[in-house]
Amino acid sequence: MAVYRYPRPASSDITPRRLFFSRRALLGTAAGGVLASGLKPGMAQADAPVAASARGWPAAETPTPRDDVTHYNNFYEFGMEKSDPAELSGGFHPRPWQVQVDGLVEHPQVWDLDALSARFGHEDRLYRMRCVEAWSMVIPWQGFELGALLRAAGVKAGAKYVAFTSVVRPSEMPGQRGGLFSLRWPYVEGLRLDEAMHPLTLLATGVYGEALPAQNGAPIRLVVPWKYGFKGIKSITRITVTDKQPPTSWNQMAPEEYGFYANVNPDVDHPRWSQSSEQIIGEGSLFRTARRPTRLFNGYAEQVASLYRGMDLRKDF
Amino acid sequence: MAPPSSGRRRRSRFSPLTRQVFLYLFCLIPAVSDIAQGMANTLGPNPVSVCLHDFGRWAFRFLLISLAVSPLRRFAGLDFMVYRRPLGLLAFSYAALHVVFYVGVARHFDTHVLWKDFTSRPFLTFGVLTFLILLVLAVTSTRRAIIALGRRWTKLHKLVYVAMILASVHYAIAFKTWHTEPFIYAAIAAVLLSLRLVPKPGKRTV
């Protein structure tokens with residue numbers, strides 16, 4: 001089986017484990033002063049970040065601290081605050097879990113999560129994650145390509161899109177109880193078939209080397225690194241191959257704010273945020289946030305731009 | 001100026017100014033606490049946004065409290081008039097911190113980005129207008145300004161009602177979805193503002 005090579009930072013760019021865990025302490029003691037001058041902990045270590053940016057990679061391409069990845073989440077099923085998913089997901093049971101694969105496929109099937117893992121395994125993928133709210137992380141996922149599952153299911157001729165459905169469990173997910181103004185449940189998402197088949201598109205079952213915590217979308221979620229984070233539907237229960245563009249949750253909520261494609265694009269602003277730059281979570285200080293320019297397709301243009309050739313990205317945002 | 005219920009009130013050991021200063025400093029505790037926690041890195045993954053939003057909410061709260069002072073005196077006979085100025089200044093101080101965190105810490109004083117923000121994003125436009133009003137009210141809150149402006153001072157400071165409405169809109173539309181809290185704040189604001197519409201007995205409208 002061919003291993004897909006995707007752009008990732010050189011190992012020299014990744015913060016060593018020891019240094020990584022001392023970052024918090026460093027941040028505490030240095031508060032302001034040193035950090036405000038733009039110096040990042042670990043930078044003194046080597047000129048690796050400089051070399052990295054010379055290869056066209058943003059200077060600070062180090063994984064976001066695990067604590068930040070697991071405690072700064074948008075997962076409205078558990079609540080609207082970033083801290084809610086970690087705090088309020090204790091009652092969620094990600095196992096046992098089944099994923100139904102159906103629609104325009106040769107072999108519709110209900111997969112047990114363990115069967116999926118046994119069949120497709122998992123590999124490490126270090127991806128940038130860009131939220132539509134203009135912040136970003138770098139996350140070490142474990143998972144398998146969605147394309148592998150779709151190929152196994154046998155996509156029928158005439159299929160054009162893939163629809164995803166998340167879980168509805170109001171008893172375990174406080175954000176799904178009541179809530180006058182909340183999203184409609186279940187959360188639904190969709191991709192064009194070629195996007196779904198793209199080797200960058202991942203079904204993640206782990207993060208930081210461990211099974212996904214509830215707040216990150218346990219036990220299985222979508223990761224599409226060149227799109228805004230809300231496309232990455234969490235706790236997937238159903239994957240349906242279809243010939244019609246499926247509805248997507250945020251698009252239903254506010255169609256003028258969230259398009260079907262939701263490709264990261266610094267030139268197409270959100271009505272509430274400029275998308276030209278992003279705050280790097282886990283870096284910076286209380287007195288100066290860390291920011292960097294946002295890149296078209298979140299820096300994955302080389303891999304995915306061809307999917308959108310001839311399209312007006314302002315219209316199909 | 002004798003408050004209607006002054007007879008029942010105990011005389012304080014401290015001068016009004018001392019009490020005003022004490023209230024002001026005491027109410028800065030949330031700001032000090034946020035900044036201390038932020039520096040100790042115990043505010044979570046995005047301390048800047050926690051501070052930014054906390055300061056905004058505190059500004060709103062003090063605006064509400066300062067607007068409750070005169071209805072409390074009129075309808076409940078409770079006189080906190082001496083604290084109205086520090087409460088108003090607290091609203092302004094927290095609003096100023098909120099703005100400084102947005103403009104400086106989050107946006108790095110990037111005037112190009114800020115101008116685009118303020119002109120193209122409705123919730124920020126509402127926020128800027130609110131702050132400009134509070135700024136004008138704060139600089140004209142000195143005794144000297146009150147004397148210099150005379151009757152116009154009362155008129156000018158009615159702008160606080162406009163600020164209250166603008167702030168309510170700013171807060172309500174700042175989120176991706178409708179949140180409950182802004183509507184609770186707006187409801188309190190609506191009550192406080194509508195109390196001003198109750199006609200005063202024995203006083204004809206001019």
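This is a predicted model: local features need pLDDT of at least 70, side-chain atom pairs count only at pLDDT 80 or more; totals for chains, interfaces and linings use all residues.

Residues are numbered from 1 along each chain as its sequence is written, and chains are lettered from A and ligands numbered from 1 in the order in which they are written.

**Stop 1: chain A as a whole**

Select chain A and switch to cartoon. Of its 317 residues, 45% are buried. Buried here is 20 or more other C-beta atoms within 10 Å of a residue's own, exposed is 12 or fewer, and partly exposed is in between, with C-beta atoms placed from the backbone. Among the contacts in chain A with a separation of 6 or more, 69% join residues 24 or more positions apart; a contact is a pair of residues whose C-beta atoms, placed from the backbone, lie within 7 Å.

**Stop 2: the annotated binding site**

UniProt (unreviewed entry) lists a "binding site" that includes A:Asn73, A:Tyr76, A:Glu77, A:Cys131 and A:Ser166. UniProt positions are in the numbering used here, feature names are shortened, and annotations may be inferred rather than shown by experiment.

Zoom in on A:Tyr76, in the loop between helix 4 (66-69) and helix 5 (84-88) of chain A. Buried or exposed? A:Tyr76 counts as buried, because it has 23 C-beta neighbours inside 10 Å. Leaving out residues up to four places away in sequence, A:Tyr76 touches A:Gly175, A:Ser182 and A:Leu183.

Now A:Glu77, in the loop between helix 4 and helix 5 of chain A. With 29 other C-beta atoms within 10 Å, A:Glu77 is buried. Not counting residues up to four places away in sequence, A:Glu77 touches A:Met173, A:Gly175, A:Gln176 and A:Tyr187.

**Stop 3: a strand residue**

Next, pick A:Val241 in strand 10 (residues 236-242) of chain A. A:Val241 counts as buried, with 23 C-beta neighbours inside 10 Å. Draw a distance to A:Ala159: the two C-alpha atoms are separated by 6.4 Å, although the residues are 82 apart along the chain. Beyond its neighbours within four places in sequence, A:Val241 contacts A:Gly103, A:Leu104, A:Val105, A:Val155, A:Ala159 and A:Val162.

**Stop 4**

Most residues other than glycine have a negative phi, and most peptide bonds are trans.

- A:Arg95 to A:Pro96: a cis peptide bond, omega near -5°.
- A:Ala218 to A:Pro219: also a cis peptide bond, omega near -5°.
- A:Phe297: phi near 55°, a positive value in a residue other than glycine; A:Phe297 is buried, with 21 other C-beta atoms within 10 Å.
- B:Phe109, in the loop between helix 4 and helix 5 of chain B: phi is near 55°, and B:Phe109 counts as exposed with 10 C-beta neighbours inside 10 Å.

**Stop 4: where the chains meet**

Show both chains. How many residues of chain B are in contact with chain A? There are 22, facing 24 residues of chain A. On the chain B side, helix 2 (29-39), helix 3 (47-76), helix 4 (84-106) and helix 5 (111-120) each give two or more residues. That side divides into 12 nonpolar, 7 polar and 3 charged; Ala, Val, Leu, Ile, Met, Phe, Trp, Tyr, Cys and Pro count as nonpolar, Asp, Glu, Lys and Arg as charged, and the others, Gly among them, as polar.

**Stop 5: helices of chain B**

Select residues 121-139 of chain B, one of the spans UniProt marks "transmembrane region" (unreviewed entry). The end C-alpha atoms lie 27 Å apart, and the span is 95% helix and 0% strand.

Definitions and conventions. Two residues are in contact if their C-beta atoms, placed from the backbone, lie within 7 Å. Helices (H or I, at least four residues) and strands (E, at least two) are DSSP runs, numbered from the N terminus.
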